[in-house]
Amino acid sequence: MFNTLLRDDRLWLVALLAPVAIFFIAFFLLPLGRLFLIGGSGELGWGAYVAAFTDPYYIRSLVATLMLSVSVTVVTLVISGFVGVFLQRNQFSGRALLTAMLTLPLAFPGVVVGFMVIMLAGRQGLIPDVTEALTGERLVFAYSMAGLFMGYVYFSIPRTILTVMAAAEKLDPRVEEAARSLGAGQWRVVRDVLVPGLKPALLSAGAICFATAMGAFGTAFTLATRINVLPMVIYTEFTLQANIAMAAALSFVLGAITWVALLLARTSAGRTVAAAG
Amino acid sequence: MRKRGLAYWFLLALTLLVSAFLIVPVGMSILAGLTVNYFIGVESGLTLQWLAQVWSDHRHTVFLSLKIALACLFCTLLIGVPTAYVLARRQNAFTRALEELLVMPVAIPGLATALALIVMYGGMGDFRRSWSFILVGHVLFTLPFMVRSVLAVLSSIDLKTFEEGARSLGASFTQRFFGIVLPNCRSGILAGSLMVVTLSLGEFNMTLLLHTPLTPTLPVGLADAYASLRMEVGSAYTLVFFIIIIPLLVVMQWAAAPARIGTGQSR
């Protein structure tokens, strides 16, 4: 039945898909192809792609970006995992307000998040005021890798908490109760029941955290241009050095790394789901 | 109810701490935008002068961002809803590849996409200088959110039965599309639209490279203000952004709530 429906509608379906196909070919696939070619057309030729992995300057910034992204992902997952499950499993007055507060920064762009970091840890920020009162010294760290780290965690916490809460909602609390009644301690419940149950959600949220930390640069742009994360390096190559070929090669490498990370997370999350189902 | 043990209080403290981490700087920034002199503090008095200054100097960035966001919404509706419909009806290698492709501009850094657009179309002066150059980037970035949102609703209803029923009664394709498909995915369209507008208003990663001095958007203006203007002005500018974005977020959460009850997931 549906097959006759399909046959009759085929032309319509093709027509409906045409605009998106044309748009993507013209404004995404062709430009990316061009970018790839331009990456190999500079002074270094195709060596630009090799330089991205061998030149000490690029290597350092690639390693720094990777380390930053991995630590942001781990810290965000741990914090949001606990907070998300806690909010989902407990009823108390003010819970709705807390949830609203935790998800408010969801739509703040990186630049605004950078400004929030300046508010907290900048020259006139709250944390320096507090440390001055406590130790007599002003601890200003907004304009460094630590500030960037804080900004990315700030950026990632709201969306990760939402993902964890949605996943925790689908977990059966009775399994936890059963584990407890069998004598499992708090940590055993977390390790053997909650973490495996939330694994697909944690994997996909973690992949998104990682990808944003790798590629975002609004926060870095607001905090300081001296933080040498890869997106800042690309931006500098492009605007100040006018080295378009190197900028193209580096952004291609950056894009490939993030895309592969997302792909890996998705396939392993898919496998977990399949194994559980 | 179990007795609330140590773990409960520890987690409550952690949750409060995290909320404070997220909210305190927002409050500080709002206050700074309304304070006469941030260095002295609130004692220096409250004022609207910074807001007035931002409005008179930078309101064109607000209008440009709103214009781009609405145009972006229009484009994603026009090409995104039909795409979601086709993806809901057909599952084959081609549509799966398309689905994968659609998410790529979100997966790869905006910087790379923007550079790609510049090396391809940077030479077309008029296009490069106009705001539609930014619009192209925003549509690439927001389209998957519209498609996902509509697709989620279309996959949850029995589209097949509806359409076969209508077809057996003699409804043409266009009658079915406008009479059955569109009304049924209203909630997905609404959620997707809110998402698209919010994301477009805040997009910076691509826009920084795609914009020209003649087309600064709100986030680009914010970045400039943070770098070069006094703290109070940057804060007041941020406040303008909050005033636009926070109502959108509230509506978004409100729109998401009934959908969750509908799936029977509420307690």
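**Exercise 1. Determine how helix α3 and helix α9 of chain A are placed relative to each other.**

*Solution.* Step 1: in this predicted model, the axes of helix α3 (residues 56–89) of chain A and helix α9 (residues 186–215) of chain A come within 9 Å and cross at roughly 140 degrees. Helices (H or I, at least four residues) and strands (E, at least two) are DSSP runs, numbered from the N terminus. Axes are lines fitted to C-alpha atoms, for helices over the stretch in contact, with angles running from 0 to 180 degrees between N-to-C directions.

Step 1: angles under 35 degrees count as roughly parallel, over 145 as roughly antiparallel, 65 to 115 as roughly perpendicular and the rest as oblique. Therefore α3(A) and α9(A) are oblique to each other.

Step 2: Two residues are in contact if their C-beta atoms, placed from the backbone, lie within 7 Å.

Step 3: by class, this contact has twelve nonpolar, six polar and no charged residues (Ala, Val, Leu, Ile, Met, Phe, Trp, Tyr, Cys and Pro count as nonpolar, Asp, Glu, Lys and Arg as charged, and the others, Gly among them, as polar).

**Exercise 2. State where the domains of chain A lie and how they touch.**

*Solution.* Step 1: the domain assignment, which is automatic or from a database, gives domain 1 (1–39) and domain 2 (54–276) of chain A. Residues are numbered from 1 along each chain as its sequence is written, and chains are lettered from A in the order in which they are written.

Step 1: the C-alpha centres of the two domains lie 34 Å apart. Their contact takes four residues from domain 1 and five residues from domain 2.

**Exercise 3. Characterise the contact between chain B and chain A.**

*Solution.* Step 1: chain B contributes 59 residues and chain A 70 residues.

Step 1: on the side of chain B, the largest share, 13 residues, comes from helix α1 (residues 6–34) of chain B.

How values were computed:
Predicted model: local features only at pLDDT ≥ 70, side-chain atom pairs only at ≥ 80, totals over all residues.
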